[in-house]
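Have the sequence and the structure open as you read.

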Amino acid sequence: MTEKFETQETWPQIKTVGLAGVIVTFSGVLSEPANRAAIAFLAAVRAAEWEEVEESNSTLVSTFLKMDLSVHRPEPIIERLQNLVDSRDWLAAPLPSGRTLWRVPTLFGTDRAPQLAEAAELAGQTIEQAITDLSTTSMRVLTLGFAPGQPYLGTLPDYWNIPRQTKITPNVPAGSLVTAVRQFCLFPYATPTGWRHVGATGFLSFRPKSERPFPLSPGDEMIFDPVTKAEFLKIESSDQSGNGGAQAEMLK
Amino acid sequence: MNRTLIVRSIGPAAAIQDLGRTGFMSAGLTRGGASDPAALHEGAALLGQRLSCAVLEMAGMGGVFEATSDIRIALSGAVMDATIDGATVQWNASHLLSACSVLKIGAARRGNFGYLHVGGGFATPSYLGTQGCHMSAGLGLLIAEGDILPVGSDASTDTGFHVVPEQRLDGGKICFVRSMQSDKFEDSTMTRFTKTEFRRDPRGNRQGIRMDFDGEGFQSGGQLNIVSEVTIAGDIQITGDGTPFVLMHECQTTGGYPRIGTILPCDLNKISQAPIGSSLKFELVTLEEGAAIQARASAVLSGLTKSIKPLIRDVTTIQDLLSYQLISGAISAKNAPLDEG
C-alpha cells in the first residue's frame, strides 16, 4: 500500500514549512538533475526579489524560501512558485555560471584517515583503485549544510553506494574527508560521524575570521588530488589560512 | 569614564546573546541567538532601547557583577533571585546599578534562561555581523569569571519599570502546525502524539531537546528513506527509535530524520524555558490558527513598550528615604497651571 502511495507522488511539490517558509522539492530521491534543478530554481527565486522572502537556500533536492507565514499568507507565493515551476523544465536547467573548481591536496589513508581500507573493501575495490576513484572523480557541491559551510559532494560511481556505519566514530578532525552513499562530506571542524574517514585535508569550509568565511558555493566542483604524507605534513605546517594548499579556478 | 561590568563570578554557559544571525542559512549556518527571544523584547522595553542591543544570557545560574559607572539594568526571562548591594531587586524590572555597586544573581527558580540587559547594550565584538554567541558554530565567547564586559553609551536615565511577562516558564500546552513531512506519519500516530503527555528530558542542548514519554514511539512509514532536507527551529524531529526531539535555535540547517510538525515560534520559548521533567503537551493547530496565534504573540511583544509600568516601591524598604526629593514637583505653588493665561 505504501508503494502504491509512493507512485502517486508527483514532482515538484510545493509545501509550507512550519510558519517559517515554503519549500519546492524536485524529487523524492537524490539525483543529479534534481540537485541542479534546486540550484537553478534558487537563482530564479533570488532574481525575482519577492519582498516577503527573508532568505533562501537550496538543499540536496529542494529550494527553500524563508518567510514569516504569520505575517504573509502562503497562497500568493505558492501561486507564484507554481507559475515559476511551470515556466520551464527545471530538471534540464544548466548549472549556474561563475562556478569554481577546487583542487584540494589530500592524504588518502594512513593513520590520518584510517578507514580508507575498510571503505575500499565495502566498495569492492583495492586501495589503489579506491584512491584513483576518490581522487579523479570531480565532485559537485550539492548543498552546504549540517555544519557551517560544510559541503555535501556527489557523486561517486555506483559501487560507492556504501552504507553509513551503524556505530558513530566519536571524533574525526577538521578537514576530514568522509564518504557514504556515493557522497563525500568535508568537515569544517572536529565532529562525530557515521561516515567513513578516507582522506585528510587542510581545507576548511568555514573560516570565521576570514574575509570569505564560506569559500564554497553549491555547484562548485572539487577534486581531491592525492599527496604523499610528507607533502601533506609540509602543507599542514606551512598553511594557517584554512585553504590547505587548494587551488581555485573559475569554470566556464 | 569607562562603562564596563566586571564579572566577579558567573555560571556555566553564560554568553552574550542577541536575536542571532540571518542571511547565512544557505551557507549552512542557522540563526542561533537567545534561547528565549521574548525576554529580549521585555528587556528592550524596560530600558526603552533597541531590540538589537546585546544582552547576557545566563543558563540556569546567574553571577556576580560590579559596575564601573552608573549603568541601567533590566532583568528578564527565567526568574532568579537578584540583589544590588544586598537589597533584593525585582525580576522583570529595570533598576539603576550605581558605580561600584554589586549585582548578585542567583540560580533560576522558574525557567532556565535568565537575561541581564544593560542600558546601551553590551559593546562586545561582532562575529559574522552580530554579537550573539552561536555555540555550536564556535562563534562568540562564553563569559568567564574576571571578564570585563564593555557597555555601550546610554542616552537615558530612566529606571524603575516592570513588565508582566507572557507565561512561558513552566512547560504546558505547545501549539504546532503540520509541516512538509507530516504526511509521512499515519493519522493514528499523529493523534497519539497529540494525546501523549511528554516530559522535558535532561538530554538536550542548544541544537535540540529530547522529549521523554511512556509507551511506543512515533515512527513514520518511510522513516529511513527520506532525503536530508531543510530543518528549522521548532521542528519536532522523530529519530530512528521513535523519540521526538524539538530542534532549537542552533539546530543544523538540514536533517535526515522526518519531522512530524513544527512548533510555533511563540511556543518554542516555552520549550527553552521548560524545567527538566516538566509536562509538555502538543496541540495541533491549522496553519491559519497557528498564524493567528503567532501574530497575536508578536503584537504583544511589539506593544510591550506601552505596557511597562512604574515599579511600586514599598516605602519601608527604601533605606535612603531622606535622599529622595519628595516635595518638589509634587505641587508647585509658584507655578500653578490655573494661573496661566
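## Chain B at a glance

Chain B carries five helices and 20 strands. Both kinds of element are DSSP runs numbered from the N terminus: helices are H or I with at least four residues, strands are E with at least two. The C-alpha trace of chain B spans about 80 × 45 × 35 Å along its principal axes.

Before going further, some housekeeping: this is a predicted model, where local features need pLDDT of at least 70, side-chain atom pairs count only at pLDDT 80 or more, and totals for chains, interfaces and linings use all residues. Residues are numbered from 1 along each chain as its sequence is written, while chains are lettered from A and ligands numbered from 1 in the order in which they are written.

Of the 341 residues in chain B, 47% are buried. Here "buried" means 20 or more other C-beta atoms within 10 Å of the residue's own, "exposed" means 12 or fewer, and "partly exposed" is in between, with C-beta atoms placed from the backbone. Take the chain B contacts with a separation of 6 or more: 79% of them link residues 24 or more positions apart. A contact means that the C-beta atoms of two residues, placed from the backbone, lie within 7 Å.

## Where the chains meet

Where pLDDT is low, the predicted coordinates should not be read in detail.

Chain A splits into domain 1 (2–92) and domain 2 (100–250), with bounds from an automatic or database domain assignment. Their centres, taken over C-alpha atoms, are 29 Å apart. Six residues of domain 1 of chain A touch seven residues of domain 2 of chain A. On the domain 1 side, helix 2 (residues 32–48) of chain A gives the most, with three residues.

Most residues other than glycine have a negative phi, and most peptide bonds are trans. Chain A has a cis bond from A:Trp11 to A:Pro12, with omega near -5°; A:Pro12 sits in the loop between helix 1 (2–7) and strand 1 (13–17) of chain A. Another cis bond joins A:Gly154 and A:Thr155, omega about -10°.

Then there are the positive phi values. A:Glu49, not a glycine, has phi of about 50°, and A:Glu49 is exposed, with 7 other C-beta atoms within 10 Å. B:Asp85 also has a positive phi, near 50°. B:Asp85 lies in the loop between strand 5 (71–84) and strand 6 (87–89) of chain B and counts as partly exposed, with 13 C-beta neighbours inside 10 Å.
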